[in-house]
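Subject: Structure handover and notes

Dear colleague,

I am passing the structure over to you with this email, and I would be glad if you kept it open while reading the notes below it.

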Amino acid sequence: MITEQQTNRPAGRKRNRTYNLHLATIFLGFIIFGISENIKGPAIPRIQLDFNLNEMQIGTLLSLNALGYLIACSFTAILTRKIGIKWVSMLAFGTMAISGIFIFWAHSYSWFSASYFLMYIGNGMLEIGLAILSARIFVRNTGTMMNLSHFFYGISSTVAPMIATGLMTVTIAGHTLDWRGMYFAMLMLSVLPMIPAAMSKFPSDAPDDATGLQRIPLKQLVKDRALWLIVLILSFGVVSEMAVGGWLVNYLEKSYRWEPSAAAGMLSAFFLCFSAARLLLGPITDRIGFTLSIIILSGLTGVCTFAAIFGGESYAFLFAAAGIGIAPIYPTVMALIARRYPRESDTAITFVVTMMGIGSVIGNYLIGAITNGFKQLFGQDTELGLLRGLQAGYGFIGLCALLCSVFGMVLYRYLKARKQLI
């Protein structure tokens with residue numbers, strides 16, 4: 001006679017297998033996301049030299065790529081409801097792999113810009129897909145699991161600059177890979193997470209009448225003041241986080257004349273602190289609350305960044321320490337959204353990330369514009385002008401972290417007054 005316990009065992013094993021495949025897709029997805037975002041640090045000075053670009057043009061390039069990311073965010077939620085998270089994830093990974101091929105063959109600035117734009121389309125699709133999947137799966141210990149997932153982003157971000165720097169010097173059959181070959185090799189790794197994604201059955205994207213849950217429409221959702229405060233927090237936090245990958249190596253090489261390997265090493269140190277924070281601070285955010293965590297940690301990043309700038313080369317290690325504070329911001333905000341909007345998490349995430357994308361476009365443009373403006377103010381072709389320009393541009397990155405903390409305080413007071421503190 002087959003007992004009920006024996007009958008449940010295959011179903012239990014099947015659920016565990018499905019959950020493990022989900023975890024593999026999420027963790028590998030964040031590894032790929034970290035690689036694609038942070039190999040640009042060592043590559044940008046070489047790209048700038050090859051195409052003869054100034055800092056303003058670099059800022060514009062990064063802004064246009066953030067625009068591609070934004071466009072992807074705007075349609076990914078709709079696409080997810082049409083074809084499901086599984087196929088959106090597969091399409092995102094495939095797009096990033098194809099963009100690596102196009103970048104490899106990019107020998108004009110326009111072709112390179114278009115290829116880079118395509119990579120960010122894939123990035124945007126991937127981030128929305130991973131965020132929606134994580135919000136649906138991690139219903140317990142949300143802050144811990146969100147931070148753990150993003151820990152894998154931090155790990156790949158730690159090693160990506162060093163691997164990228166090494167790959168650009170590799171010679172195969174008399175041909176040096178340089179930055180084009182490096183992008184091709186790294187982005188082709190996007191094929192790996194397609195394997196567990198293809199093998200897995202993802203959570204259903206069933207309509208409301210099938211689940212019995214009534215969604216709050218977006219038109220009503222955006223009337224919530226807390227949602228807009230979350231947008232501001234995430235926008236400033238992400239600009240402060242993501243800009244480091246594009247500007248720290250450039251800052252160290254040009255301000256202090258560091259060797260490329262040393263500058264890439266400092267970027268890796270930033271992401272080492274970043275990864276450790278996501279691994280270790282998740283349980284703390286669950287314990288002291290998501291909103292309070294955002295206030296404390298983003299404030300810490302702002303202080304470290306300005307201390308590193310004004311302290312000079314001997315305080316450069318604080319650029320790396322800034323990663324401790326900024327690392328938990330994104331996953332903690334995602335956990336806050338999942339907890340505050342449990343039934344509308346996909347809609348809320350899409351809206352917030354799309355608005356954040358606009359902030360990223362503006363933020364990256366402003367960094368380039370501020371850097372170029374101060375360089376001209378203090379002398380276009382002088383070392384002092386370059387130093388002051390880079391200091392001002394990187395100072396804006398620190399300012400964004402402080403503004404993230406300030407708006408966290410506003411959100412804290414808003415939620416506490418309504419007894420809705422999370």
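This is a predicted model: local features need pLDDT of at least 70, side-chain atom pairs count only at pLDDT 80 or more; totals for chains, interfaces and linings use all residues.

I begin with helix α2, which spans residues 40-51 and is mostly covered, since 9 of its 12 residues are buried. Those buried residues are Lys-40, Gly-41, Pro-42, Ala-43, Ile-44, Pro-45, Ile-47, Gln-48 and Phe-51, so that the list holds Lys-40 and Gln-48 as well as residues such as Ile-44 and Phe-51.

Two packed helices are described by the angle between their axes and the distance between the axes. For α2 and helix α11, the latter made of residues 225-255, the angle is about 60 degrees and the axes lie 8 Å apart. The two helices are therefore classed as oblique to each other, because an angle has to reach 65 degrees before it counts as roughly perpendicular. As for its hand, the crossing of α2 and α11 is right-handed.

After α2 comes Asn-52, whose phi is positive. This residue sits in the loop that leads from α2 to α3, the latter covering residues 55-83, and its phi is near 55 degrees although the residue is not a glycine. Asn-52 counts as exposed because its relative accessibility is 67%, a value over the 50% cut-off.

**Salt bridges**

How many salt bridges are there in the model? The count comes to 6, and I describe some of them here.

One of them joins the side chains of Glu-37 and Lys-40, with 3.2 Å from N to O, and both Glu-37 and Lys-40 are buried. Lys-40 is also among the buried residues of α2 already listed.

Another salt bridge is formed by the side chains of Arg-180 and Asp-50, where the distance from N to O is 3.5 Å. Because Arg-180 belongs to helix α7 (residues 178-187) and Asp-50 to helix α2, this pair ties together parts that are 130 residues apart in sequence. The two partners also fall into separate classes of accessibility: Arg-180 is buried, as its relative accessible area is 13%, whereas Asp-50 counts as partly exposed, as its relative accessibility is 40%.

A further salt bridge is made by Asp-224 and Arg-340, whose closest N and O atoms are 3.2 Å apart. This pair also links distant parts of the chain, for Asp-224 is in the loop between α10 (218-221) and α11, while Arg-340 is in helix α16 (residues 329-340), 116 residues apart. Asp-224 and Arg-340 are both buried.

**A nonpolar surface patch and helix α4**

Which residues form a nonpolar patch on the surface? They are Ile-98, Ile-101, Phe-102, Trp-105, Trp-111, Phe-184, Met-188 and Val-191, and together they have about 710 Å² of accessible area. Helix α4, which runs over residues 85-104, gives the most to this patch, with 3 residues.

Ile-101, a member of the patch, lies in α4 and counts as partly exposed because its relative accessibility is 33%. The C-alpha atoms of Ser-99 and Ala-77 are separated by 22 Å, the two residues being 22 places apart along the chain.

**Two further residues**

Glu-241, found in helix α11, counts as buried because its relative accessibility is 5%. Although Glu-241 and Ala-327 are 86 residues apart along the chain, their C-alpha atoms are separated by 7.4 Å.

Ala-173, finally, lies in the loop between the strands β1 (171-172) and β2 (175-176). Like Asn-52, it is a residue other than glycine with a positive phi, near 55 degrees, and it counts as exposed because its relative accessibility is 84%.

With best regards

Note on methods. Residues are numbered from 1 along each chain as its sequence is written. Side-chain values use heavy atoms; hydrogens and water are left out. Patches are made of residues with over 30% relative accessible area and no salt bridge: like charges are joined within 9 Å, nonpolar side chains (Val, Leu, Ile, Met, Phe, Trp, Tyr) within 5 Å. Accessible areas come from the Shrake-Rupley method with a 1.4 Å probe; for residues, only the protein chains shown count as cover. A salt bridge is a side-chain nitrogen of Lys or Arg within 4 Å of a carboxyl oxygen of Asp or Glu. Helices (H or I, at least four residues) and strands (E, at least two) are DSSP runs, numbered from the N terminus. Buried means under 20% relative accessible area, exposed over 50%, partly exposed in between (1.4 Å probe, protein chains only). Axes are lines fitted to C-alpha atoms, for helices over the stretch in contact, and angles run from 0 to 180 degrees between N-to-C directions. Angles under 35 degrees count as roughly parallel, over 145 as roughly antiparallel, 65 to 115 as roughly perpendicular and the rest as oblique. A crossing is left-handed if the near helix is turned anticlockwise from the far one by less than a right angle, and right-handed if clockwise.
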